[in-house]
Amino acid sequence: MRVLQYHTDDTAEQQHDALLRLQDGHYDILHIYGCWQHQAWRMARLALKRGTRLVFSPQGQLEPWVIEENYWKDKLPKKLLYQRWIVSHAYAVIIQGKMEEECLKRLGWNPRLVIIRNPQITHSITQQEAARQLEHIYRMVMNSNQLELMKDDTRRMLKIFIKAGITRDTRWIEEDLTTIDKEEWRKLLCYAHQEHLTDTLLYGIRVLNYEAPDLDVSQIDYFLPPGYEAPTTIEQNIGSSFVSENQRLLATFRYLKKLWQHRRLAISHLVELDKELRFHYANEQQLCEDLQERHLLKLAARLMQLMADLTGLTEGFMLMEPLNDRVTRQMRKQIDNYLTI
């Protein structure tokens, strides 16, 4: 894990050197210390453009008495132009105590506030312990939203593992397999845990005779986006008592439409629907007529496309031709961004 630390009170030469290093090399994290400097905004924008994640430490410079000093001519323009943007785009905001925490909560710019006391101003923590806590925060940042960090081959293998976990049979797997290194295994397992796909993923790994590292991802800390709600199963929400499989699927599509409208559609719901289509019989012609009558037919066709892309559902199990349009791409983006900070 490569971390570049940038201090707003550094000399101009040191700041220029930090900018050059960020431009020339890849860093996992940019940690900005201090506020009210335009150069910090330039650094932050460049970092996000290059896929580097942002951590921010205000160092007491966002407390009310600091903000109020020369507010109209200095602080307000800087707040509107870039300071609020820097804080809101940070994966974590590291503060030094409860008073500073209350100030940041009142501002409301970022909910991910973490206290690490400053050993230079208090004896309640040692330099070593502060460094350990900071390292833990960096690891939490890199444990979050693992899909964004995966290599293309890892994403491809994720789909294959999901398909194998659903079908439980290697005969359905036609794609070429690749090796996975230890760090990519960590991303896969963390992602599956956070998206509630662990059982499906592990079954697919066993079916394909891969050996995943023994990693207890339930003990790994990570950050979640504001308003995050853990996905629950479709069956938990619609029940299991239906007079026919067609009625179950109609209720399923109605619920999936509600999830899409409320930005709660996750890949685990596609996995559940994929299993339903593979292993349960429905009167497809009648179902399509009922979906058309309830204005759900296009939604269902879009879900067919999403399952083809993400769970490996093939045409033989689809209810209708898949539809790949602008709305489908919006739905795909919502699923991909379910854990995005």
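This is a predicted model: local features need pLDDT of at least 70, side-chain atom pairs count only at pLDDT 80 or more; totals for chains, interfaces and linings use all residues.
Now select β3 (residues 53–57) along with β4. The two strands pair in the parallel sense over two bridges.

Five strands form an open sheet, ordered β1-β2-β3-β4-β5, with parallel pairing. Go to its edges: β1 (3–7) and β5 (113–115) each have a single partner strand, so one side of each lacks a neighbour in the sheet. From one strand to the next, the twist averages 25°.

Helix α1 (residues 12–24) lies across β1 and β2, and runs at about 155° to β1. Helix α6 lies across β1, β2, β3, β4 and β5, at about 130° to β2.

Keep α6 on screen and show the largest pocket. The space in this pocket is about 450 Å³. Select Tyr 33, Gln 59, Asn 118, Pro 119 and Leu 134: of the 17 lining residues, these lie nearest the pocket's centre. β2 (29–33), β4 (92–95) and α6 (127–143) each supply at least two lining residues. The largest share, four residues, comes from α6. Colour the lining by class: eight residues are nonpolar, eight polar and one charged.

Last stop: α9 (residues 182–194) and α10 (residues 198–207). These helices pack at about 140°, with axes 8 Å apart. They are therefore oblique to each other. On the α9 side, select Trp 185, Leu 188, Leu 189, Ala 192 and His 193; they meet Thr 198, Leu 201, Leu 202 and Ile 205 in α10. This contact has seven nonpolar residues, two polar and no charged ones.

How values were computed
Residues are numbered from 1 along each chain as its sequence is written. Side-chain values use heavy atoms; hydrogens and water are left out. Axes are lines fitted to C-alpha atoms, for helices over the stretch in contact, and angles run from 0 to 180 degrees between N-to-C directions. Angles under 35 degrees count as roughly parallel, over 145 as roughly antiparallel, 65 to 115 as roughly perpendicular and the rest as oblique. Contact means heavy atoms within 4.5 Å. Ala, Val, Leu, Ile, Met, Phe, Trp, Tyr, Cys and Pro count as nonpolar, Asp, Glu, Lys and Arg as charged, and the others, Gly among them, as polar. On a 1 Å grid over the protein atoms alone, a cavity is a set of points where a 1.4 Å probe fits but cannot get out, and a pocket is an open set with protein on both sides within 12 Å along at least five of seven lines; lining residues have an atom within 4 Å of a point. Grid points are joined across faces, edges and corners, and a volume is the space filled by probe spheres set on the points. Two strands pair if DSSP finds at least two bridges between them.
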